[in-house]
Amino acid sequence: MAGILIYSDQDPLSFELLTAARYIAENTGAAVKAVSINNHAQAEALAGRGAESYRIDGKEIILEDTAAVARALKGAVETLDTDVVLLSANRRGKELAGRLAQMLDAGCLSDVNALAVRSGRIECTRNALGGATVAVQTVTSKRKVIALSAKVFAAAPDGVGHISDLTLDVKGSGIKLMESRAKAEEAAHIETAAVLVVVGQGLENRKDLAIVKRIADSLKGEVACSKPVATDKKWLAEDRIIGLSGKICKPDLAILLGVSGQVQFMVGIRDAKTIVAINRDENACIMQNADYIMTADLQDVLPELSRALTGTVPS
Ligand SMILES: Cc1cc2nc3c(=O)[nH]c(=O)nc-3n(C[C@H](O)[C@H](O)[C@H](O)COP(=O)(O)OP(=O)(O)OC[C@H]3O[C@@H](n4cnc5c(N)ncnc54)[C@H](O)[C@@H]3O)c2cc1C
C-alpha cells in the first residue's frame with residue numbers, strides 16, 4: 001500500500017478520518033496525507049493535529065459540485081502517490097465516494113461502521129440486508145475508496161504537522177453554481193451528538209415538539225426522529241432521521257419517545273451506549289432492544305420529564 005489520502009468537507013469528520021488513516025498506516029506502513037480544498041483554516045486545523053496537510057486551491061472547484069471535487073481528489077491521489085482514499089459517509093462524502101471511485105477505477109465501500117486491518121487487508125463492516133445483519137467486506141482492487149460513518153474512530157489529538165500547497169490543474173465539471181442558500185432550519189448534526197431525544201409516530205401532537213426540544217436542550221442534546229415523522233408528517237427536517245435511510249448515530253444516550261423500533265430504524269441507533277425507550281405498548285419491538293424501558297403514555301410522561309429536567313412545561 002503506497003499511501004492513504006483523507007478528505008472531508010467537515011473538520012470534525014476529517015479529524016476522525018485522520019485517526020482511521022493512522023490506524024491503517026500503523027498496520028501497513030503506508031504514509032498518511034490529508035487534503036483540504038479551498039479551505040486554508042481546515043488545512044491548518046489538520047496540521048494542528050499532526051497531519052501532513054495539503055492545500056488545494058482552485059476557483060473552478062466549487063464544493064457543492066462533487067464532480068469537480070472528485071476531479072481534484074483524483075489529481076491528489078495521482079500526485080501524492082496514494083491508493084487508499086478515506087472519505088466521510090455524510091451525504092456529500094457518499095456521493096463523492098462513488099464519483100471518485102469511478103474516476104479512479106477503484107472499488108468503493110460506503111457507510112462503513114467499523115474498520116480493521118488483518119493480514120494487510122482492510123476489512124470494513126457494513127449493514128447488510130436492510131440492516132437485518134452486518135457484513136465484513138474488503139475491496140480487492142489496488143485503489144480503494146472507503147467512506148466511514150461518524151464516530152467510528154475518535155478525533156485525532158493535537159500534534160505538530162505541516163502544510164504544503166498542492167497545485168493541480170483541475171477543470172470545473174461545467175456546472176455553474178447560481179446561488180447557495182442556507183436551509184430554513186439550521187443543519188442538524190445528529191450523528192455527532194452525545195445525547196439524542198428521538199421522536200417517533202407515538203408523539204401525537206405536533207405542539208409537543210416544543211417540550212421535546214426543551215428536554216433535549218436541558219440535556220445538551222439534539223432532537224432526532226424516525227423516518228415517518230420527517231417524510232410523512234413533515235414535522236422535522238430529513239437531516240434528523242435516524243436509520244437506514246437517515247443517519248447512523250452513536251450517542252452516549254438516546255431517549256426514544258414513541259418509536260416502535262423497526263429494523264430499518266434500529267440500524268441507526270443500535271450502537272448507542274444507552275437506549276431508554278418510552279412506549280405505551282409493552283410488546284413493541286423497541287422494548288426488547290432498549291437498556292431501560294418505560295411502559296407509559298407520552299401524554300403523561302412528557303410534562304413530568306420536562307418538569308423534572310427544566311422545572312417548567314412549555315404551554
Ligand atoms: C427500505 C426502507 C427503509 C426505511 N428506512 C427507515 C429509516 O431510515 N428510519 C426509520 O425510522 N424508518 C425507516 N423505515 C420505516 C420503518 O420500517 C418504520 O416504519 C418506522 O421506523 C416506524 O416509525 P415509528 O416507530 O415512529 O412509527 P410506528 O411504527 O408507527 O410506531 C409508533 C410507536 O409509538 C407507540 N405509541 C403510540 N402512541 C403512543 C403514546 N401516546 N405514548 C407512547 N407510545 C405511543 C406505539 O406503540 C408504537 O410502538 C424504512 C422502511 C423501509 C421499507
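## Overall form

A residue is called buried if 20 or more other C-beta atoms lie within 10 Å of its own, exposed if 12 or fewer do, and partly exposed in between, with the C-beta atoms placed from the backbone. By this rule, 43% of the 315 residues of the protein chain count as buried. The model is a predicted one: local features need pLDDT of at least 70, side-chain atom pairs count only at pLDDT 80 or more, and totals for chains, interfaces and linings use all residues. Residues are numbered from 1 along each chain as its sequence is written.

Along its principal axes, the C-alpha trace of the protein chain spans about 60 × 45 × 35 Å. The radius of gyration is taken over C-alpha atoms, and the globule rule is 2.2 Å times the number of residues to the power 0.38. For 315 residues, a compact globule would have a radius of gyration near 20 Å, and the 21 Å of the protein chain agrees with this. Two residues are in contact if their C-beta atoms, placed from the backbone, lie within 7 Å. Of the contacts in the protein chain with a separation of 6 or more, 64% are between residues 24 or more positions apart.

Helices (H or I, at least four residues) and strands (E, at least two) are DSSP runs, numbered from the N terminus. The protein chain has nine helices and 15 strands. Strands of a sheet pair through backbone hydrogen bonds, either parallel or antiparallel. Here, two strands pair if DSSP finds at least two bridges between them.

In H5 (residues 209-218), the residues Ile211, Val212, Arg214, Ile215 and Ala216 are buried. The buried residues of H5 pack against strand E11 (195-199), strand E12 (222-225), strand E13 (253-257) and H9. Just after H5, lysine 220 takes a positive phi of about 55 degrees.

## The antiparallel sheet

A second open sheet has three strands in the order E6-E7-E8, with antiparallel pairing. Strand E6 (114-118) and strand E8 (133-137) are its edge strands, each pairing on one side only. Neighbouring strands of this sheet are turned by 25 degrees against each other on average, direction ignored. Strand E7 (residues 121-128) is joined to E8 by five bridges, and threonine 125 stands opposite valine 136 in E8.

## Loop residues

Most residues other than glycine have a negative phi. Serine 119, in the loop between E6 and E7, has a positive phi of about 50 degrees. Serine 119 is exposed because it has 6 C-beta neighbours inside 10 Å. Lysine 234, in the loop between H6 and E13, has a positive phi of about 60 degrees. Lysine 234 is also exposed, with 11 other C-beta atoms within 10 Å.

Alanine 188 is found in the loop between strand E10 (162-165) and E11. Alanine 188 counts as partly exposed because it has 19 C-beta neighbours inside 10 Å. Leaving aside residues up to four places away in sequence, alanine 188 touches Glu222, Ala237, Asp239 and Arg240. Alanine 188 and glutamate 222 are 34 residues apart in sequence, and their C-alpha atoms are 7.8 Å apart in space.

## The surroundings of the ligand

A residue is near a molecule if its C-beta atom, placed from the backbone, lies within 6 Å of it. The ligand is surrounded by 27 residues, of which the closest are Gly200, Gly202, Ser226, Gly243 and Ser260. Helix H6 (227-231), helix H7 (263-266) and helix H9 (298-310) each supply at least two residues of this shell. The largest share, three residues, comes from H6.

The shell divides into nine nonpolar, 13 polar and five charged residues. In this division, Ala, Val, Leu, Ile, Met, Phe, Trp, Tyr, Cys and Pro count as nonpolar, Asp, Glu, Lys and Arg as charged, and the others, Gly among them, as polar.

Definitions and conventions
Axes are lines fitted to C-alpha atoms, for helices over the stretch in contact, and angles run from 0 to 180 degrees between N-to-C directions.
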